[in-house]
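Please read this short report alongside the sequence and the model shown below.

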Amino acid sequence: ALSSTRPEGETAPDEVVARMREGLSDAETQQQGCLSLWKASEFHSREADVVLAGGVEAVVVGMREHLGIWSIHHLGCGVLRNVVSNPDFVATVVAAGGIEAIV
């Protein structure tokens, strides 16, 4: 089960990821999803929630889908940076194509 330590009113990472998957072609959905996952992954105790929800993959796919939208890439890079601050999740970012999405 995902952690219930998120701030009141914040959408759970698994719900954010579901919205991002459903709205892949919508840049606003991707931007808001990346922002939500960035906020969720800022706390060391919660980056696992983002990873377990499929957030890394959702961010990478969103970045690939919207190559020309700076805000999605800025926020997406923030999510990936936060996630790899935990060495346990570096392989997840690499496997999802996170390095290629950044460069």
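## Side chains in a predicted model

R46 and E10 join their side chains in a salt bridge, with 2.4 Å from N to O. The two residues come from distant parts of the chain, 36 residues apart. R46 sits in the loop between α2 (27–41) and α3 (47–52), while E10 belongs to the segment before α1 (13–22). The model is a predicted one, and the structure holds 1 salt bridge. R46 counts as buried, because its relative accessibility is 3% and the cut-off for buried is under 20%.

A polar pair comes next. N86 lies in the loop between α5 (70–84) and α6. The side chain of N86 makes a polar contact with the side chain of E47, at 2.9 Å. When neighbours within four places in sequence are left aside, N86 is in contact with H44 and E47. N86 is buried, with a relative accessible area of 11%.

How many disulfides does the structure hold? The number is 0. A disulfide is a covalent bond between the sulfur atoms of two cysteines. For C34, the closest cysteine sulfur is that of C77, 9.3 Å away, which is too far for a bond. The cut-off used for a disulfide is a pair of cysteine sulfur atoms within 2.5 Å. Seen from C77, the closest cysteine sulfur is in C34, again at 9.3 Å and too far for a bond. As for accessibility, C34 is buried at 0% relative accessible area, whereas C77 is partly exposed at 26%.

Which residues make the nonpolar surface patch? V84, V90, V94, I99, I102 and V103 form this patch, which covers about 520 Å². The elements that give two or more residues to the nonpolar patch are α6 (90–95) and α7 (98–102). V90 has its place in helix α6. With a relative accessible area of 37%, V90 is partly exposed. Residues in a patch need over 30% relative accessible area, so V90 at 37% passes that cut-off.

The table collects the accessibility of the residues discussed above.

| Residue | Relative accessible area | Class |
|---|---|---|
| R46 | 3% | buried |
| N86 | 11% | buried |
| C34 | 0% | buried |
| C77 | 26% | partly exposed |
| V90 | 37% | partly exposed |

Definitions and conventions:
Residues are numbered from 1 along each chain as its sequence is written. This is a predicted model: local features need pLDDT of at least 70, side-chain atom pairs count only at pLDDT 80 or more; totals for chains, interfaces and linings use all residues. Side-chain values use heavy atoms; hydrogens and water are left out. A salt bridge is a side-chain nitrogen of Lys or Arg within 4 Å of a carboxyl oxygen of Asp or Glu. Helices (H or I, at least four residues) and strands (E, at least two) are DSSP runs, numbered from the N terminus. Buried means under 20% relative accessible area, exposed over 50%, partly exposed in between (1.4 Å probe, protein chains only). Patches are made of residues with over 30% relative accessible area and no salt bridge: like charges are joined within 9 Å, nonpolar side chains (Val, Leu, Ile, Met, Phe, Trp, Tyr) within 5 Å. Accessible areas come from the Shrake-Rupley method with a 1.4 Å probe; for residues, only the protein chains shown count as cover. A polar contact is a pair of N or O atoms within 3.5 Å; within protein, one must be able to donate a hydrogen and the other to accept it, and residues adjacent in sequence count only if both atoms are side-chain atoms. Contact means heavy atoms within 4.5 Å.
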